[in-house]
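Take them one at a time, with the view open beside you.

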Amino acid sequence: MRVDHHAYRKATRVAGFGFLLQAAIAMTLLVFAIVSADTVFRFAAYYLFGGLLVWLSLIVVFYQHTQQRLEALEEDELAASRGGASVFESHAGERVAARRLRLMHSWLMPAVSVLLAVYLGLGAAVMLRHLGGLDDPSAAGSDFLMTGELGWAIAVSLFFAAVCFIFSRFVAGMARLTAWQNLRGGAAYMVGNALVMLAAAVGIILRFFENEQVMLWIAYAIPAFMLFLVVEIVIHFILNIYRPRIPGEVPRPAFDSRVLSLLAAPESIVRSLNEAVNYQFGFDITSSWGYQLLLRSFGWLLLFGAMVLVFLNMMVVIEPHQQAIKLSGGEIVGNVHGSGIMWKLPWPFETADVYDVGRIRRLPLTAQRLEHPNVQLWSETIETDRTREPFLVGGVRAAPLATGAKLPDELYSLVDAEISLLVRIKPDGLLDFLNFASDLRRRRQDSTMRENALRALALRTVTQHLSALTVDDVIAAGRGALIESLRGRIQETFDAMSTGIEVVAVNVPLLRPAGNVAKYYDDYATAKEQRRETVAKAEEEVSTSLAFWIGDADRAGEILSLIEQWKRLRDELGPDDTAVIDKRIEIEGVLTETGGALAQEIAAAEAQRWIELLRARADVYKHQGELAAYQAAPHLYREREIMRVLTDMANRRKYVFVGVDPSRVKLDVELQESPALFNFSDALSSEGTSK
């Protein structure tokens with residue numbers, strides 16, 4: 001092919017058509033994405049708008065090539081008209097168009113490559129930030145939109161994917177010529193357009209089968225693909241700086257993706273594979289009869305492999321701990337199949353879902369601890385995976401207030417609990433398990449709809465059961481029986497809702513008072529134990545006192561009852577009534593029978609009464625004797641008594657009181673022992689003896 005200005009002009013027209021096609025497809029996708037509210041199509045439109053830079057740079061470069069060839073042609077014609085001499089031979093350096101073309105390859109194309117890398121990098125960052133905000137409900141504008149016009153979406157994506165691929169193949173064919181090599185960059189970007197649109201079409205087709213998760217994956221794949229192109233552009237940009245320049249060779253721009261160029265010209269992949277095979281074997285094996293036979297039989301081999309795959313797809317192996325069902329269009333076909341081989345129609349007519357019914361699954365109901373220390377006090381802070389919500393339990397009975405007002409009959413308390421279930425599918429409950437809820441996992445949620453429903457039912461049962469118990473029953477005395485009662489109630493709830501779930505165990509590793517009041521329970525427990533100790537000591541003291549005073553503590557109630565009867569009779573009849581005295585005698589008799597300290601006191605009182613009585617009788621008899629003596633000789637009896645008193649005073653100290661000034665008083669006392677004649681006591685004693 002002759003390389004002249006006509007060739008470059010044709011390349012310019014092709015690049016211009018590529019620019020218009022790129023702009024039309026990108027604008028159409030953007031309008032469709034805005035009208036139908038679809039996030040994936042918005043991402044795809046953003047990527048397609050980047051291709052405008054590629055085609056625009058190719059238009060400018062090929063136009064400048066055209067100008068350079070026209071300038072060279074004019075120079076040749078001018079030189080021929082002047083007999084081979086050119087008026088420009090005296091001027092050193094390049095011509096204007098050629099210099100501009102060299103500057104474009106040196107500065108414009110690298111600048112476009114850098115600008116495209118920045119555009120794709122920023123777009124990928126914005127897309128990933130938008131997708132990262134899907135898990136944050138507070139983030140504004142973070143919704144993942146999917147169009148409801150599935151038919152139009154498939155038509156648009158498949159049509160544009162086909163157009164882009166066909167045009168890329170056409171441009172890649174032109175790029176085989178040396179003069180049109182730079183068209184490979186446009187062909188590569190067109191292949192990228194086709195890949196993005198094809199991925200969107202696949203995601204929309206899977207939405208017909210109620211598989212919307214693929215669209216989210218495609219939304220993540222588009223910015224990842226853009227970042228891959230950014231890395232490739234940067235690498236080639238750096239390599240182009242250090243790559244040696246060959247005179248007359250057209251530089252390959254950095255935005256020309258080598259990977260996408262292979263997809264634009266797949267025959268080059270086959271050629272590269274043949275060369276790789278020959279290189280590995282060390283000779284031209286692709287020309288041998290065996291390799292040629294393999295190529296001729298390749299279609300039959302593919303057909304045989306497809307038949308084997310279809311046969312294997314019809315056979316499903318079910319292990320002993322598994323059960324399976326067949327689905328046709330999303331509807332269950334037949335019964336549940338146990339262990340063994342299950343035959344079905346090939347996909348897409350029938351599919352098989354295999355469930356591990358023997359596996360025990362853990363279903364957390366409340367916030368879970370991030371760390372599980374061996375010992376953890378109630379008052380310690382616990383880090384959980386989410387905010388903990390306490391449970392409401394019954395409290396203690398309220399006492400009357402000092403003013404006479406009363407609190408409600410029942411107080412309520414809050415407790416923190418970490419509860420999780422160990423569940424599995426019942427051997428005969430797979431159909432109930434599947435019909436209960438779906439396995440759909442919504443955005444911003446880590447669990448499926450079935451797990452959310454089971455958790456809600458279990459939490460309702462736990463809340464109702466705990467609200468009927470007191471705080472002591474939950475965290476103290478009744479904690480052992482609480483686990484088993486919870487398991488039974490949750491199982492009854494699951495059975496009533498036909499969930500097909502068997503509750504194996506209920507794990508409650510943490511159960512404590514809620515909030516920061518847990519530290520006060522230590523003081524409460526200590527005070528409670530002290531109260532028990534005080535009560536025990538008081539009871540011990542009561543028992544000891546009763547045993548000491550009564551002798552038989554078992555008869556204390558009987559004695560108290562008799563005393564109450566005696567008090568009532570005394571108040572009604574008076575203390576001197578016969579019935580009151582008889583009741584008192586009865587009480588004393590009972591106390592005497594028990595043999596306690598009160599019996600000893602009664603016995604001592606009776607003894608003291610007899611002593612006093614006998615002493616009184618002795619005084620009476622003495623008085624009667626002295627009365628007889630007085631009556632016999634009153635004067636002598638009086639004198640004798642006076643003398644007895646004086647005798648008693650003989651050995652006592654005497655005091656003399658004078659009512660005058662002591663300086664005017666002079667006492668002269670002579671103390672002598674009286675003779676026996678005046679010793680009346682001796683005389684009296686001797687008189688009594690003589691009588």
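Predicted model: local features only at pLDDT ≥ 70, side-chain atom pairs only at ≥ 80, totals over all residues.

1. Leaving aside residues up to four places away in sequence, Leu-29 touches Phe-41, Ala-44, Ala-45, Leu-48, Val-156, Phe-160 and Met-197.

2. A second, separate core has 35 residues, and Leu-434, Leu-466, Val-471 and Val-506 are included in it.

3. Now back to the surroundings of Leu-29. The largest nonpolar core holds 72 residues, and Leu-29, Tyr-47, Leu-120 and Leu-183 are those with the most contacts inside it. At least two residues of this core come from each of helix 1, helix 2 (39-81), helix 3 (96-132), helix 4 (150-174), helix 5 (183-207) and helix 6 (213-242). Which helix gives the most to this core? Helix 2 does, with 12 residues.

4. Next, have a look at Gln-22, which sits in helix 1 (residues 5-36). Is Gln-22 buried or exposed? Its relative accessibility is 0%, so Gln-22 counts as buried. The Gln-22 side chain reaches the backbone oxygen of Leu-48 at 2.7 Å. Not counting residues up to four places away in sequence, Gln-22 touches Leu-48, Gly-51, Leu-52, Trp-55, Tyr-189, Met-190 and Asn-193.

5. Arg-450 counts as buried because its relative accessibility is 5%, where the cut-off for buried is under 20%. With residues up to four places away in sequence left out, Arg-450 touches Phe-433, Leu-434, Phe-436, Ala-437, Ser-438 and Asp-439. Leu-434 is also one of the residues of the second core.

6. After helix 17 comes Gly-595, which has a positive phi near 75°.

7. Finally, consider the sides of helix 17. Its buried residues include Val-580, Lys-583, Ile-587, Val-590, Leu-591 and Thr-594. Why do they lie on the same side of helix 17? They cover an arc of only 100° around the axis, and therefore share that side. Helix 16 (556-573) and helix 18 (597-632) are among what covers these buried residues. On the face turned away from the buried side, helix 17 carries the exposed residues Thr-578 and Glu-593.

How values were computed:
Residues numbered from 1 in each chain as written. Heavy atoms only, no water. Helix = DSSP H or I, 4+ residues; strand = E, 2+ residues; numbered from the N terminus. Buried < 20%, exposed > 50% of the residue type's maximum accessible area, 1.4 Å probe, protein only. Polar contact = N/O pair within 3.5 Å; in protein donor to acceptor, adjacent residues only side chain to side chain. Contact = heavy atoms within 4.5 Å. Core = buried A, V, L, I, M, F, W, Y, C linked by side-chain atoms within 4.5 Å. Arc of directions from axis to C-beta.
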